[in-house]
Structure formats: C-alpha cells, structure tokens
Amino acid sequence: MRASGPAPASGRRRGPPGRSTARSPRAVALAALVRIDTEGAYANLVVPAMLAGSGLDARARAQVTDLVYGTTRLRRACDWLVDRFLVSPPEPVARNALRLGAYQLAFLGTPPHAAVGETVAVAPARTRGLVNAVLRRVAAAPVDEAGWPSDAVRLSYPDWLVERLAAELGREDALASLAAMDEPASATERADGYTQDLASQWVAELVEAGPGERVADVCAAPGGKATALAGTGARVIAVDSRPARAGLVAANAARLGIAPGRLAVAVADGTRPAVRPGSCDRVLVDAPCTGLGTLRRRPDLRWRVAPGDEARLAQLQVRLVDAAAALLRPGGVLVYSVCTLTAAETTGVDVRLEGERPDLAPLPPPGPPWQGHGRGALLLPHRAGTDGMALFRYVRTARV
C-alpha cells in the first residue's frame with residue numbers, strides 16, 4: 001500500500017528496533033515485539049532484560065510492559081484489523097509496528113493522533129509510510145463486537161483452543177475464561193510478603209498441611225507453594241529436577257526466613273523423588289502442564305502450545321502422581337494440581353488414576369469459586385479473577 005506522509009513525533013530520541021538504549025516506551029516495546037516474533041523470545045524474559053538497559057522511569061516501564069504484553073496477547077485480533085488494508089504481507093518490523101498501533105487504537109483507547117503518530121515515529125524510516133497509512137485507516141474504521149469474523153479472532157486465540165474449551169467447558173464459560181485471560185494479571189501478596197496468584201495460594205491451603213506433618217512438594221520450583229506449606233508449621237521437602245530451579249526454591253525460602261529444618265530442598269526427578277516411601281503425611285504434585293490457565297501472565301504462551309502437547313504432558317502427570325503416591329503413609333493425602341483447563345490434563349489424568357490406582361480414594365472437592373470437575377474441581381479464570389486451575393485430592397488407603 002502506498003502511503004500519505006508520516007506523522008513522526010519531534011524531539012524524541014529514537015533507536016533502531018532491537019536496541020534497548022531507546023528512550024521511547026514505544027521504541028522499546030517495538031524492539032521487544034520484533035524479538036518475540038522473529039527470534040521466539042519469551043515475553044517474560046525479554047521485557048525485563050530490555051527494560052534494564054532502557055533508562056526508562058517506572059511509569060514508562062509499566063507502559064512498555066502493557067504495550068508488549070497486550071499486543072502479544074491480542075496479536076491475532078490486531079493482525080485482522082490491519083490486514084483489511086494491506087495488499088501484501090509486510091516485513092516483520094512493519095508487521096509488529098502495525099500490531100502495536102492497532103492495539104493502542106482498538107484496545108487501549110489511545111487517541112488516534114498519539115497512537116498513529118508515536119508508533120510511526122519509532123518504526124524504521126523505510127516502513128513509516130506504510131505504517132502511517134494503514135494505522136490511519138484502522139483508526140477510521142473501528143470494529144464493534146458483531147464485526148469480527150469469529151470469536152477466536154475477536155478474543156485473539158488459536159482456533160483449536162477456542163473449539164477445544166467450548167466443547168469441554170461449554171461455550172459461555174469457555175469464552176468468558178478466554179476473555180478474562182486477555183486482561184492483565186494482578187499481583188496478590190501473601191502475609192509473608194511472597195507475591196503469588198490467589199489460585200496457587202488456594203491450592204497450597206487445600207493441601208491442609210499442619211504443624212509437624214511431613215509434606216513433600218515434588219514439583220516445587222519456584223517455591224511459592226512449598227514456602228506456603230512450610231508456613232503452616234509442616235516440615236517440607238521441596239523437590240525439583242533442575243538444579244537452577246531448585247536453587248530458586250532455596251533462595252525464596254531464605255528470603256522469607258524459613259529455616260532449613262522447616263524446608264529442605266532436593267534436586268531429583270519427580271518420577272523418582274528420592275524420598276523414603278510411606279514417609280509423608282501429605283504430598284503435593286503441582287505438575288508440569290500446558291499452562292493454559294495462566295495466559296494472563298504469560299502472553300505469548302497461547303501461540304506456543306500445540307494440540308498434541310496436552311497428551312504428552314498428561315502422560316508425565318500420571319507418572320508423577322503414581323510416584324508421589326508411593327511416598328504417602330496409609331491415610332496420607334495427595335493433591336494433584338495443574339494450571340490448565342483442558343480435559344486431557346485434568347479429568348483425563350484422573351480417569352487413568354481411577355483405573356490404575358485403586359488405593360487413591362477421592363476426597364470431596366472444595367466449594368465455590370471452585371466448581372465440580374469429574375472427581376475433582378476446576379477454577380475458571382473469570383469466576384474469581386485468578387489463574388485457571390484444576391485440583392484433585394486423594395487419600396491413600398491401605399489397599400493397593
């Protein structure tokens with residue numbers, strides 16, 4: 001598309017995308033978006049790294065985070081908004097500048113003169129004509145809810161994910177959950193100062209550990225739930241398979257002032273956790289999963305997870321629960337949780353356990369905002385403004 005003249009902002013220091021020395025929040029955001037798009041960089045890693053060298057103040061840093069996370073979450077919707085006015089695919093940096101501008105226009109309510117002008121100003125010179133022309137047309141052609149071609153485009157998710165959750169949760173709950181995960185995540189601070197989503201805090205509470213009990217957390221990093229369990233007075237062994245992540249658990253415990261006698265950290269594979277069989281009163285398996293309940297705080301994850309990932313991770317989850325059950329004394333309690341919403345990783349795993357582990361008798365699910373989910377419970381993101389989470393609790397009987 002041929003463009004009318006650009007409307008660059010004047011007097012602003014600009015640098016090329018990919019350079020973290022730029023002063024403009026939009027310039028830093030554009031550089032981050034290009035790296036996420038073209039290099040596969042993770043938003044939650046690349047943004048802090050680029051902010052560290054940006055020289056931006058706290059307010060501008062927050063703006064960068066909002067621009068990058070919001071544009072990445074709503075990437076598909078932004079692409080549809082601009083593709084109406086393109087005749088051929090733009091180069092990556094222009095594509096990301098267009099996404100950045102469309103996000104401000106359609107979802108932030110930024111005045112058009114600022115959204116267009118400031119975005120054009122940070123785009124490379126060779127792309128400014130195109131970016132200026134397309135964003136001006138996006139600003140002049142807003143889309144109401146009925147104008148989107150599909151819910152997947154409107155909410156900016158892959159088709160397969162919308163269809164999967166609609167089939168499994170019902171369309172109303174699925175769309176409400178997905179819409180909730182298009183909003184920024186809030187931070188919740190525990191009484192001990194640790195910042196953790198409420199859903200994760202509730203999972204730790206539902207382990208119902210008590211003073212003096214021996215508790216194993218077999219997938220413990222970064223340590224939020226393990227430290228919460230230690231806070232009950234229980235003696236916790238926190239296991240993680242990777243040394244660096246186990247070190248993160250130890251660092252968090254030290255920062256919270258938890259003595260090593262209350263929380264010990266071990267590096268071990270959760271399917272072979274190196275804890276004496278039958279020695280634990282309670283075990284938590286907060287298992288690796290697709291993380292599809294945490295899309296508020298992990299903006300690029302929706303574009304990384306593929307349909308086959310669920311089945312692969314469900315296999316691992318069964319193995320982890322199976323190994324964890326052996327650590328329990330008869331009468332001990334096992335909690336299996338995942339921060340995702342699909343059946344393959346929740347009820348699908350429980351159905352397998354029901355057939356293969358008759359010694360794991362289900363316990364009653366918790367009440368609202370949790371809702372019944374097979375023999376366990378599900379927490380949908382729009383119910384309480386938390387991450388999405390599934391939880392199953394079992395008591396180990398003497399029967400094997």
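This is a predicted model: local features need pLDDT of at least 70, side-chain atom pairs count only at pLDDT 80 or more; totals for chains, interfaces and linings use all residues.
Reader: Why is the contact between R95 and D83 called a salt bridge?

Author: The closest N and O atoms of R95 and D83 are 2.9 Å apart. The cut-off is within 4 Å, for a side-chain nitrogen of Lys or Arg and a carboxyl oxygen of Asp or Glu, so the pair qualifies as a salt bridge. Side chains of opposite charge can pair when their charged atoms come close.

Reader: What makes R95 count as buried?

Author: R95 has a relative accessibility of 13%. Buried means under 20%, and therefore R95 is buried. For D83 the value is 35%; this lies between 20% and 50%, so D83 is called partly exposed.

Reader: Which parts does the pair of R95 and D83 tie together?

Author: R95 belongs to helix α5 (residues 92-108) and D83 to helix α4 (residues 75-83), so parts twelve residues apart in sequence are tied together. Both residues also belong to a network of salt bridges with D37, D79 and R99.

Reader: How do you know that D281 and R329 form a salt bridge?

Author: Their closest N and O atoms are 2.7 Å apart, which is within 4 Å, so the term applies. D281 is in strand β4 and R329 in strand β5, 48 residues apart.

Reader: How many salt bridges does the structure hold?

Author: The structure holds 30 salt bridges.

Terms used:
Residues are numbered from 1 along each chain as its sequence is written. Side-chain values use heavy atoms; hydrogens and water are left out. Helices (H or I, at least four residues) and strands (E, at least two) are DSSP runs, numbered from the N terminus. Buried means under 20% relative accessible area, exposed over 50%, partly exposed in between (1.4 Å probe, protein chains only).
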